[in-house]
Amino acid sequence: MPAKGKHRRPKHHRITRKLALAGTGGAALTLPLISATTAGAVQPTTAPVAQTAAPAALAATPTTYSVVAGDTLSEIAADHSVSGGWKQLYATNRSVIGDNPSIIRPGIKLKLGTQAETARASRSAARPALKPAAKPAAKPASAYPNNLDGWIRESLDVMAKHGIPGSYNGIHRNVMRESSGNPMAINNWDINAQNGIPSKGLLQVIDPTFRAYHVPGTSQNSYDPVANITAACNYAAARYGSIDNVNGPY
């Protein structure tokens, strides 16, 4: 059995239609007016707003500048970021400037170019210039060739810093006699060799002498050409006054 209850009729919002008479004289126009009894009244349609000019059209508008006393084309071009500089500014306005670009009269109006060109020039001027990628520093070439000539010259420079006397010719002469220019030469037959301390290197220095007269800044290896020459010259200076005074076994 269906439940008992009251049946309620849904309320209907009444929309009243009125007729308004509009007109003058004998002619009249009947206009329907709609009113709502609820809060949801119909809103009038908003009239379309007129569209503004396209940005592209504005950007193409030429910009001008009125010359004042003391102005120069270069200053105007720089102040307004004119693309092409004063030369382009002059070319654009030659008809009003005349044949001499260094003379511009106060009051004349100069075309600076379009807004798009001016904005583009301003952006370009604002951007920092890109620096070329730095090239890695080249390794300095060795000041001395890796041969007998280079070894002697480097040794002479070290000797000069330490006050050790000697000349190129004096060193070269003794090197050729002792080792024929071979930095790995070793004497395995003389008395030093028999005593277990053979002479080594370009100037045939035994290890105890090399250690005693080793010059700071050179290698600790007695076979090293520069270290061997420098230590031998230091020893010769102490015993003979200079390697230049050595003309035989020492």
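Colleague: Which handedness does the crossing of H5 and H6 have?

Modeller: This is a predicted model, in which local features need pLDDT of at least 70 and side-chain atom pairs count only at pLDDT 80 or more, while totals for chains, interfaces and linings use all residues. Residues are numbered from 1 along each chain as its sequence is written, and side-chain values use heavy atoms, with hydrogens and water left out. Helices (H or I, at least four residues) and strands (E, at least two) are DSSP runs numbered from the N terminus. A crossing is left-handed if the near helix is turned anticlockwise from the far one by less than a right angle, and right-handed if clockwise; that of H5 and H6 is right-handed.

Colleague: Why are H5 and H6 described as oblique to each other, and at what angle do their axes cross?

Modeller: Axes are lines fitted to C-alpha atoms, for helices over the stretch in contact, and angles run from 0 to 180 degrees between N-to-C directions. Angles under 35 degrees count as roughly parallel, over 145 as roughly antiparallel, 65 to 115 as roughly perpendicular and the rest as oblique. H5 and H6 are therefore oblique; their axes come within 10 Å and cross at roughly 130°.

Colleague: Which residues of H6 make the contact with H5?

Modeller: Contact means heavy atoms within 4.5 Å. From H5, the contact is made by Leu148, Asp149, Ile152, Arg153, Leu156 and Met159. From H6 come Tyr168, Ile171, His172, Val175 and Met176.

Colleague: At what angle do the axes of H5 and H9 cross?

Modeller: H5 covers residues 148–162 and H9 covers residues 225–240. H5 passes H9 in a right-handed crossing, and the two helices are oblique to each other. Their axes come within 9 Å and cross at roughly 50°.

Colleague: Is asparagine 100 buried or exposed, or partly exposed?

Modeller: Asparagine 100 lies in the loop between helix H3 (85–97) and strand E4 (109–114). Buried means under 20% relative accessible area, exposed over 50% and partly exposed in between, with a 1.4 Å probe and protein chains only. Because its relative accessibility is 36%, asparagine 100 counts as partly exposed.

Colleague: How many helices and strands has the chain?

Modeller: Along the sequence, the pattern is β-β-α-β-α-α-β-α-α-α-α-α-α. Of the 250 residues, 28% count as buried. The chain has 9 helices and 4 strands.
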